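Here are my notes for you on this structure, written as a colleague would jot them down. Have the model open while you read and click along.

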Amino acid sequence: MNYTFRKSDRLFSGQSSLANPNNISTTFHRVSLNGHYRFSDELRLSAFVPWLEGVREERGAPDRRISGLGDITLLAQWSPWASEAEAHPLLSGLTLLSGIELPTGEDNDQPFTGNAAPSLFQLGNGTFNPKLGLSYGKSVDEWSFFGRVMATLPIGESDADLDPGSYLQTSLGTGYRLTDELTLQLSIDGTFRERDQLDGNDVHNTGSVTLAVSPAVSWKVNERLALDASANIPFFHDVRSTQLAPGTSFQIGARFKF
C-alpha cells in the first residue's frame, strides 16, 4: 500500500514558465492498494487499485472536487531467464511487461478545466488502456542499476467522447545498499504524452514532455515488512499550448510479504 501527494500550480507554454495570476492549481491525494503474486521465478502478476481525491482551485471560481476509485491496473511480468542467472548472466535481469488499465475510474462528462489538461484532473480516462513494456535490473556488489520503459495505448473513446492520447513512461537509475536493511535509489524519469482528442478534434492544451529526478529510500524492517519513501521532482517541461504542468509528488508506502 502507498500514499501519494501531488500539487500542481505552475503554468507552462512550451518550455517557458508563465505567470499564474489566478492561482490555478490542482491537488491530488492517492491511496493505492497493490498486490503481487509470484507463480514462479519467471512469472509474476500484479494488481494496482487506486483511490483518488482531488481539488481544482482558481481565484474567483468555485473549487471543483473529485473523489473515488481510479483506474485499476493489471500487469503481468515475465522474466524468461530469471532462473538461469549462471547460464545467462546478462539476460537474467530482463523482464517483459504486459497489462491493461481498466476504466473503473469515473470520467468527467465535461473534461475541460481551463488550463488543467484532462489527464491532470480526472479519476479515470474512461477507456481500456493496454500497456506494453520492458525493464532491466542488474546488481554488482552493493550497487544496483535499473531501467524501465512502459507504453500505454488507450483504445477508443470514453462516454464523454474523449480519446486519450498514448503516452510513454521511462526510468533509468541506480541504487546503493548501505546496509542489509537500508537502500538508497536515484532515477531520472520521463513522461511523453500525445495530444488527447475530443469529438475527433485535438485538445490543444494536451500533449507534453516531462523529465523528473526521483530520489527514494527503502528500509527492510524484517523479513516480511519493508517501508518506502520517494519524491518525483520535475525539472523540465515542454507542453503544447498553455498547461498546468505536473508538480512535485511525494510518496510513502509499506510492503508486506505473506
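## Notes on side chains and surface

1. Start with a charge and a ring. R193 sits over the face of Y167, 4.4 Å from the centre of the ring. Keep in mind that this is a predicted model.

2. Next, the aromatic pairs. A pair of aromatic rings is described by how far apart the centres are and by the angle of the planes. Searching the whole structure turns up three such pairs. In one of them, Y37 and F39 have ring centres 4.8 Å apart and planes at 80 degrees; an angle over 60 counts as edge-to-face, so that is what this pair is. Look at the surface too: Y37 is exposed, because its relative accessibility of 52% is over the 50% cut-off. F39 is exposed as well, with a relative accessible area of 51%.

3. Now try F256 and F258. They also make an edge-to-face aromatic pair, with 5.1 Å from centre to centre and 75 degrees between the planes.

4. Which residues form the nonpolar patch on the surface? The members are M1, Y3, V31, L33, V49, W51, L69 and I252, and together they have about 700 Å² of accessible area. Two elements give two or more residues to this patch: strand 4 (25–38) and strand 5 (43–58). One of the members, L69, belongs to strand 6 (residues 61–69). L69 has a relative accessible area of 32%, so it is partly exposed.

5. Have a look at the backbone of N23. Its phi is near 55 degrees, which is a positive value in a residue other than glycine. Where is N23? You'll find it in the loop between strand 3 (16–18) and strand 4. With 43% relative accessibility, N23 counts as partly exposed.

6. D141 is worth a click for its backbone as well. It is not a glycine, yet it has a positive phi of about 55 degrees. D141 lies in the loop that runs between strand 9 (129–140) and strand 10 (143–152). Its relative accessibility is 65%, which means that D141 counts as exposed.

Note on methods. Residues are numbered from 1 along each chain as its sequence is written. This is a predicted model: local features need pLDDT of at least 70, side-chain atom pairs count only at pLDDT 80 or more; totals for chains, interfaces and linings use all residues. Side-chain values use heavy atoms; hydrogens and water are left out. Rings of Phe, Tyr and Trp (its six-membered ring) pair if their centres lie within 6.5 Å; planes under 30 degrees apart count as stacked, over 60 as edge-to-face and the rest as tilted. Buried means under 20% relative accessible area, exposed over 50%, partly exposed in between (1.4 Å probe, protein chains only). A charge sits over a ring if NZ of Lys or CZ of Arg is within 6 Å of the ring centre and within 35 degrees of the ring normal. Patches are made of residues with over 30% relative accessible area and no salt bridge: like charges are joined within 9 Å, nonpolar side chains (Val, Leu, Ile, Met, Phe, Trp, Tyr) within 5 Å. Accessible areas come from the Shrake-Rupley method with a 1.4 Å probe; for residues, only the protein chains shown count as cover. A salt bridge is a side-chain nitrogen of Lys or Arg within 4 Å of a carboxyl oxygen of Asp or Glu. Helices (H or I, at least four residues) and strands (E, at least two) are DSSP runs, numbered from the N terminus.
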